Structure formats: C-alpha cells, structure tokens
Amino acid sequence: MNSRQPIPVVVLTGFLGSGKTTVLNHLLANRGGTRIGVVVNDFGSIEIDAMSVAGQVGDSMVSLGGGCLCCAVDGSELDAYLEKLAAPVHRIDVIVIEASGLAEPQEMVKMLMANENPAIRYGGMVQVVDAAEFDATRARHPETDRHLAVADLVVLNKTDRVDAAERARIEAALGTLCGPGIPVVGADHGRIDPELLFDRRPWTETRGQLSFEDLLAEAAHQADEAGHDHERCGHVHAAYESIEFVSEQALHPRRFLDFLDRRPAGLYRIKGFVHFGVPGHEERYEVHAVGRFLRFAPGPWGRGEARLTQLVLIGSGTDGPALLRELEACREPAPQQVPPESMWGVLRYVDRPADTPAED
C-alpha cells in the first residue's frame, strides 16, 4: 500500500456479544504483512480477548513486532490517537476502530468524515450481527435497524448456530433493513476474508524475526499437518471469488459510475486503479468500494507506467462473465473527446482537502 496515500479508517460496530472482538482478532491473525492500527473505543466495555492479540492490557499505545498498534480510548481522544497512529514512523496501512457495543456508529462516522487530518480517510463501516440472537438484539436495541441502514458491509456472524431456513429468514430481513446493494457476508467465529476490507501485503519486513506473524504461520502449519479442516483454521478465502479486469483503453466515467451504482449485493469489494483519460483528469484514480461506500483517490502515474485500468472484484455468488461484460462496455476509445463535466460524478467521491470549497 502506498504510504503517501491517506490511511483508510474502518469502523467495526455491533452490539455487545455480536462478535466484533472475534472478527477483529481474526483480521489481525490473518493480515499477512499489513500493518494494522487498532483503536478500541470505550475500554470498559470490550471483551478481554480484544487485548489478548496485543499481548497486554492497558490504555496506552503498545507495539508488536509485526507492526500492530493498539489503543484503548474514549471518543474525546479519538482524533489524537488517529494522529499518532498515522505518523509515518509507524508505517500503518489501515486503522480499524472497534466501537463500543453501545456506541452510536453514525456519530463516529461523522467525526471521521469531518476529520481534517490529510493522513487518514474514512474507509467504511462494518456492522457485525449475531445470527443466533438477531430477534432478541432488535427487541433490546431498537436502534439496531438505524445502524444497519448506514452500514457499508454487514457480517452475519455465528451462522453455525442457526439452520439454513433461519439464516435465510435473517438474510431476507437484513435485505430490507440495509441500504440497497449492501453486502451481507456470512461468518462463523468471526472468520471473514481480510481482503474484503484491506489489502494484505507480503511478509517482507518481519519474516524470520520470530514475529507475531511467524508464530501465527507456524500455528497454521501445525494445524494443517494435524489434518485440521482448512475452513476451520481460518482459510476463508475459498468462500469468495476474485475477478480481475484489465483494460488498455480508458473507461468512460459515467458508464463506470453506472456500473458501480448497479453492482449486485454479492459483489463485496472493488479495488484497483482506473484510467479515465478525460482532458484535465489524466491522473490515475485509485478506487475502493465496499457496499455503498465508494472513494476515488487521484494520483500521479509512475515514471514509465502504462496507462491501464486494473480492477479486482471480490464477491460470492456473482456472475463473473456478466460483470466482465459490463466492464467491457465501460471502455472509451476516444477519452480525449469526452467532456470534462463527465467527471463530476467521480469527483463527488474524491476527498477534498480541508481548505477546498465544495461545489455548488
């Protein structure tokens, strides 16, 4: 991940007992070489195993050999801790905020959207739902419906504790409670593919130094040697399909946005770089989409770098060939003739510097 790009901040929410901490621990255990900064909001309410990953309990910043930093804070300290985690010395790739089980995630999202630190950017909100306690949680916490309505990705956790019919009923209910096209990912024991939220880097800096990641890799190897089931050991990538799209031709911005607007719920994540080539907008546009969340980040092309669109689409139950045909239809053979105003839709999803006025 390019350290010059703002660090995405992902908000992990869900009521007490839904499995947020389990999801967080799984992300940390399967992060590859990615450096994750973790902020735990409302220290008093978290389960003790949230800190077990970091190896100690405390409300000061701690550092692991693998580069993971963990802070336990209250809301008033959030901006200060994000600034610390975003410092270049830590080389953090992504920050995950585990919100209190009783937190109002909308307020946290507003804080992040209003944050003027150019080193970070809001990276989406993930809501964890307990499948076994779905109805009881909605009865105790009516605000559940409001939280689901603003989520960018929903993790339906503990699916191993309900039968197929009950799961289908809950997923149908979530389909009405969540926004259009919001992905609902099933999981047991919090196991979701980290690639749904962030890129995993190769282990290059800590391998061979008895790092946290080395210990995890050794444990996974021993489990495989013992004949344990791959899925039970956290290898959840088999549940998802990955589709790659490369185009030497530019993409038409309006046709590409239309594609993003109608993407199916099973298409969990889109990432990569887009070449529009529209006059005045010849930069390389990094794109990141999870559910309703969408961000473009323009940046310079590397010296000698080919002007290509390169996208990776991650989903489950999607029609890969149909998605590729839709992307093929977004190609534009004469981008230099496309009017600059066609980029207005894309620019809506580009983070503006704090001193840049919004368009009328």
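**Salt bridges, rings and cores**

Tutor: Happy to. Let's start at Glu328, which has a relative accessible area of 38% and is therefore partly exposed. Keep in mind as we go that this is a predicted model.

Student: Which residue does Glu328 form a salt bridge with?

Tutor: With Arg331; their closest N and O atoms are 2.5 Å apart. Arg331 is partly exposed too, at a relative accessible area of 21%.

Student: How many salt bridges are there by the count?

Tutor: The count comes to 13. One of them joins Arg169 and Asp135, with an N to O distance of 2.7 Å. Arg169 belongs to helix 7 and Asp135 to helix 5 (residues 134-140), so this pair ties together parts 34 residues apart in sequence.

Student: Where do those two fall, buried, exposed or in between?

Tutor: Arg169 counts as partly exposed, with 36% relative accessibility. Asp135 also counts as partly exposed, at 40%.

Student: Which residues are linked with Arg169 in a network of salt bridges?

Tutor: Asp135 and Glu166 are linked with Arg169 in that network.

Student: Nice. What about Glu326, which residue does it form a salt bridge with?

Tutor: Glu326 pairs with Arg262, and the closest N and O atoms are 3.0 Å apart. Glu326 is in helix 10 (residues 320-328), while Arg262 is in the loop between helix 9 and strand 11 (267-275), so parts 64 residues apart in sequence are tied together. Glu326 is partly exposed at 27% relative accessible area, and Arg262 is partly exposed at 49%.

Student: Let's switch to rings. How many aromatic pairs does the structure hold?

Tutor: There are 6 aromatic pairs. Take Phe256 and Phe296: their ring centres are 6.4 Å apart and the planes meet at 65°, so this is an edge-to-face pair. Phe256 sits in helix 9 (residues 253-261) and Phe296 in strand 13 (residues 293-299), so the contact ties together parts 40 residues apart in sequence.

Student: Are Phe256 and Phe296 buried or exposed?

Tutor: Both are buried. Another edge-to-face pair is Phe276 with Tyr285, at 5.5 Å centre to centre and 65° between the planes. Phe276 is buried with a relative accessible area of 0%, and Tyr285 is buried at 1%.

Student: Which residues form one aromatic cluster?

Tutor: Phe256, Phe259, Phe276, Tyr285 and Phe296 make up that cluster.

Student: And charges over rings? Which ring does the charged end of Arg284 sit over?

Tutor: That of Phe273, with the charged end 3.9 Å from the ring centre. The charged end of Lys84 likewise sits over the ring of Tyr81, 5.1 Å from its centre.

Student: On to the nonpolar core. Which residues of the largest one touch the most other members?

Tutor: That core has 33 residues, and Leu82, Ile95, Ile97, Val154 and Leu174 touch the most other members. Several elements supply at least two of its residues each, including strand 1 (7-13), helix 3 (78-85), strand 5 (94-98) and helix 7 (164-177).

Student: Zoom in on Ile97. What does it touch, beyond residues up to four places away in sequence?

Tutor: Its contacts include Val9, Val11, Val39, Leu82, Met108 and Leu112. In general, nonpolar side chains tend to be buried together in soluble globular proteins.

Student: Two last residues. Where does His26 lie?

Tutor: In helix 1 (residues 20-29). His26 is buried, with a relative accessible area of 7%, and a polar atom of its side chain lies 2.9 Å from the backbone oxygen of Ile192.

Student: And where is Cys178 found?

Tutor: In the loop between helix 7 and strand 8 (184-186). Cys178 is buried at 8% relative accessible area. Leaving aside neighbours within four places in sequence, Cys178 is in contact with Leu148 and Val154. The C-alpha atoms of Cys178 and Asp145 are separated by 8.0 Å, with the two residues 33 apart along the chain.

How values were computed: Residues numbered from 1 in each chain as written. Predicted model: local features only at pLDDT ≥ 70, side-chain atom pairs only at ≥ 80, totals over all residues. Heavy atoms only, no water. Phe/Tyr/Trp six-rings, centres within 6.5 Å; stacked < 30°, edge-to-face > 60°. Helix = DSSP H or I, 4+ residues; strand = E, 2+ residues; numbered from the N terminus. Buried < 20%, exposed > 50% of the residue type's maximum accessible area, 1.4 Å probe, protein only. Lys NZ or Arg CZ within 6 Å of the ring centre and 35° of its normal. Core = buried A, V, L, I, M, F, W, Y, C linked by side-chain atoms within 4.5 Å. Contact = heavy atoms within 4.5 Å. Salt bridge = Lys/Arg side-chain N within 4 Å of Asp/Glu carboxyl O. Polar contact = N/O pair within 3.5 Å; in protein donor to acceptor, adjacent residues only side chain to side chain.
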